[in-house]
Amino acid sequence: MPAAVIALGVFAAVRLAGAVVLAGAAVWAGRSPVRVLGHSWDSVWYLAIARHGYGRTQMWPVTGLVQSDYAFFPLYPLLVRLTGGGEWGALFVSWTAAAVAAVGVYRVGELVAGRRVGVLLVALWSVVPHAVVLTLAYTEPLLVALAAWSLYALLRERWTVAALLASVAGLTRPTGIAVAAAVSVTALHALLTRRSRGPAVWAAGVLAPAGWLAYVAAVGVHRHDPAGYFDVQRQWGSRFDGGGYVLDQVWRVLSGGPVALATAVTAALLGAALLLAVLLVVRRPALPLPLLVYTAVLLVIGIGGAGYFESKPRFLLPAFPLLLPLAAVMARARPRSAVVVTAGLAGLSYAYGVYLLVIAKMPL
């Protein structure tokens, strides 16, 4: 059996079981499973855009926040609209994208470190605490699908394919710029080191950020302000402060103050992400440049930005290369040990997903 099929089977089994657990918990709590999976938090905004287009603004007098739907990039709502614009259509898009993403993640892991590491990379990615997002009507599965296959094409020096996928990825969500950065920086490196000077390399470097820039520019035109998109984000409470907000929240956890479970888990996960990032840099053989750039940009955006703290692990969910060191360690262990570790992490992930969406009902 092809290893890619095995990786997809592992991913499907883990996430299907997670969806069943979450649906069961929703029924137990007297809630509709479809509503929990397809109509939670940001999913509400995506469904509204898919059904009615852009133009919705919500004001919160108590906090002063003015939330405009122009904060959300257009590709996912467009695909949902093509499926009918309902919750089931949104879930179909997300689940399909998640399956495509799993195969792409496997292909990247296989190319960098071999088949076994590729399979284990998918397994680990499917059981991280916020992997519940991969079964919700959210944009992360679509971003990872485009990112993984763009990075795979880039590693194979298929410049045009990598750039086209990066440009489309830029239409999924703000962090889609990380894919474009990987393509553009790698193209620049190839040109400077004279490894390749063909027109496809030049074109890839220029084309990769086109999708992201096009949407940011469109919002600017709509609001008659070149910085209009960034004003929208600031009105949502999101801004880049170099990590000051994150450090403040982490200090609250470390100082022993009263914090919610999700806040403590977020702080721990951010610490783990930074540790894994260090391991990516110092590991031998060195990780390919595209994966380093892609991961670094996601970390800078996720940790350097202020906003809702408990959403930070979701923002880092697309940073699957961070898991490569753990996958490599598990690949050297006995198969039974890898199965036990994956099963244990899956159980924790299921429990945390139920806590976030059913018990605490916290935004993701």
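This note comments, point by point, on a predicted model of a protein.

1. **Overall make-up.** The secondary structure of the protein consists of 18 helices and four strands. Along the principal axes, the C-alpha trace extends over about 55 × 55 × 45 Å.

2. Among contacts between residues at least 6 apart in sequence, 75% link residues at least 24 apart.

3. **Surface and interior.** Of the 364 residues, 52% count as buried. The protein exposes about 15900 Å², and carbon and sulfur atoms supply 70% of this area.

4. **The largest nonpolar core.** In soluble globular proteins, nonpolar side chains tend to be buried together. The largest nonpolar core here has 117 residues, of which Leu22, Trp125, Tyr294 and Phe320 touch the most other members. Helix H7 gives the most to this core, with 11 residues. Leaving aside neighbours within four places in sequence, leucine 22 is in contact with Val36, Leu37, Val132, Leu136, Gly353, Val354, Leu357 and Val358.

5. **Threonine 139.** Where does threonine 139 lie? Its place is in the loop between helix H6 (115–127) and helix H7 (140–155). Threonine 139 counts as buried because its relative accessibility is 0%, and the cut-off for buried is under 20%. The side chain of threonine 139 is joined to that of arginine 173 by a polar contact of 2.8 Å. With neighbours within four places in sequence set aside, the residues in contact with threonine 139 are Tyr46, Tyr76, Thr172 and Arg173.

6. **Helix H5.** Helix H5 covers residues 87–113, a run of 27 residues. From its first C-alpha to its last, H5 reaches 38 Å, close to the 39 Å expected at 1.5 Å a residue. Glycine 114 follows H5 and has a positive phi, near 105 degrees.

7. **Leucine 345.** Leucine 345 belongs to helix H18 (residues 335–359). Not counting residues up to four places away in sequence, leucine 345 touches Leu124 and Val127. Leucine 345 and glutamate 157 are separated by 188 residues in sequence and, C-alpha to C-alpha, by 35 Å in space.

Methods: Residues are numbered from 1 along each chain as its sequence is written. This is a predicted model: local features need pLDDT of at least 70, side-chain atom pairs count only at pLDDT 80 or more; totals for chains, interfaces and linings use all residues. Side-chain values use heavy atoms; hydrogens and water are left out. Helices (H or I, at least four residues) and strands (E, at least two) are DSSP runs, numbered from the N terminus. Buried means under 20% relative accessible area, exposed over 50%, partly exposed in between (1.4 Å probe, protein chains only). A polar contact is a pair of N or O atoms within 3.5 Å; within protein, one must be able to donate a hydrogen and the other to accept it, and residues adjacent in sequence count only if both atoms are side-chain atoms. Contact means heavy atoms within 4.5 Å. A nonpolar core is a set of buried Ala, Val, Leu, Ile, Met, Phe, Trp, Tyr and Cys residues joined through side-chain atoms within 4.5 Å. Accessible areas come from the Shrake-Rupley method with a 1.4 Å probe; for residues, only the protein chains shown count as cover. The expected span of a helix is 1.5 Å times one less than its number of residues.
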